[in-house]
Amino acid sequence: MIEKKFNLCGIDITPALPLSEICSMGVGGNSLYLSRVKTLDQLMKAVEICESSDLEYKVIGGGTNIIASDSGFSGVIIKNETSQITIDSARGRVIADSGVFLSNLIVQCASQGLGGLDPLYGIPGTVGGALINNAGSHGVAISDFARSFTLMDKEGPKTYKVEYLEPSYRKTKLKFVKKKPREVVLSVIFQFNSRKQEEVMSDLKKYKTIRQERQPLGIKTSGSIFSNPSGTDKATDDKSKNLSAGFLLESSGAKRLSVGGARVSKKHANWIENFNHATASDVRKLIDLMRESVNEKYNIILKEEVEYIGDWDLSSDE
Ligand SMILES: Cc1cc2nc3c(=O)[nH]c(=O)nc-3n(C[C@H](O)[C@H](O)[C@H](O)COP(=O)(O)OP(=O)(O)OC[C@H]3O[C@@H](n4cnc5c(N)ncnc54)[C@H](O)[C@@H]3O)c2cc1C
């Protein structure tokens, strides 16, 4: 029935797709359906169909900040693959569909002499996912350059100033929201700075190198598991003052921890690597062990930056 409705609108839909294939952590059982949407019209239509069918659904971008459960998701995962970018380089104004890859946006702007989000270069995932999480790096967050965005809610699309999201360190008021109807980011308007193209490009190279040196890239991960208790990602010379999750985990010995096919990265103690067919349950148990190790040593309870999706039977994990 639902497939027919999607097909009638020319929207792609596939039954029983493993979430491990579309989320960067590489874990997760099947979603009932997966729909890939290519245009904002398709995105809005897909959401409308799910709402009117009273079917559970979730719009995702790159799936780089979510950990899907082994029992999967009993609804429709709408994968946002919208891709339009409009750049007004003279005014520094850029409009991007929420499905645009953030790093692609940054490179395209750089090639037209616009900069600002350069420290975020290399963050995987989409503009929409980044806005919901207020993704950031080196003390700069997407909300510093996003001016407004169009949101679809039960009354249809409406444009809001970025302040509506109440953005703070790795958070907005729309992050972790589970209730329906969902609010879906359609597009984002940015205001960037004019800069010399060579300078921005050279900065992008610098930030790429930093990531390569500090992060386990090319392996299944979902980036930082916990957010920094300090509420900032600005580096300070004194790591203990900075209270970064990575420092707390490393000094608590978390790099020794592993469960099944999941282990704490030797390169970065706040990252988990799925090195050998890990299950979501392996990852979740490892996250609990990491949290315990910091709590035992520092009496600090780390909070997840990643989001769990799907149906989790936590009692069976004990
Ligand atoms: C290698 C690696 C490096 C990383 N480095 C960083 C880093 O430096 N800084 C940082 O902040 N993060 C980092 N991350 C985490 C992650 O990449 C970011 O949070 C990213 O912005 C998430 O975007 P996404 O499109 O993958 O979101 P997803 O994981 O797909 O979704 C995240 C949440 O946003 C919601 N969402 C997505 N799109 C929409 C939309 N259009 N409308 C409404 N809700 C939506 C989803 O439902 C979900 O709740 C890293 C991850 C990896 C794997």
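Colleague: How many cavities of 30 Å³ or more does the count come to?

Modeller: The model is predicted, so local features need pLDDT of at least 70 and side-chain atom pairs pLDDT 80 or more, while totals for chains, interfaces and linings use all residues. Residues are numbered from 1 along each chain as its sequence is written, and side-chain values use heavy atoms, without hydrogens and water. A cavity is a set of points, on a 1 Å grid over the protein atoms alone, where a 1.4 Å probe fits but cannot get out. The points are joined across faces, edges and corners, and the volume is the space filled by probe spheres set on them. Here the count is 1 cavity of 30 Å³ or more. The largest cavity has a volume of about 40 Å³.

Colleague: Which residues line the largest cavity?

Modeller: Lining residues have an atom within 4 Å of a point. For the largest cavity these are Leu105, Ile106, Cys109, Leu114, Gly115, Gly116, Leu117, Asp118 and Phe192. Helix α3 gives the most, with 3 residues; α3 and β8 (114-115) each supply at least two. Helices (H or I, at least four residues) and strands (E, at least two) are DSSP runs numbered from the N terminus.

Colleague: How does the lining of the largest cavity divide by class?

Modeller: Ala, Val, Leu, Ile, Met, Phe, Trp, Tyr, Cys and Pro count as nonpolar, Asp, Glu, Lys and Arg as charged, and the others, Gly among them, as polar. The lining has 6 nonpolar, 2 polar and 1 charged.

Colleague: At what angle do the axes of α3 and α5 cross?

Modeller: Two packed helices are described by the angle between their axes and the distance between the axes. Axes are lines fitted to C-alpha atoms, for helices over the stretch in contact, with angles from 0 to 180 degrees between N-to-C directions. The axes of α3 (residues 102-110) and α5 (residues 197-214) cross at roughly 150° and come within 9 Å. That makes α3 roughly antiparallel to α5 (over 145 degrees). Ile106, Val107 and Ala110 of α3 meet Gln197, Val200, Met201 and Leu204 of α5 in this contact (heavy atoms within 4.5 Å).

Colleague: How far apart do the C-alpha centres of domain 2 and domain 3 lie?

Modeller: Domain bounds come from an automatic or database assignment. The centres of domain 2 (85-213) and domain 3 (216-317) lie 25 Å apart.

Definitions and conventions. Parallel < 35°, antiparallel > 145°, perpendicular 65-115°, else oblique. 1 Å grid on protein atoms, 1.4 Å probe; cavity = no way out; pocket = protein on both sides within 12 Å on 5 of 7 lines; lining within 4 Å.
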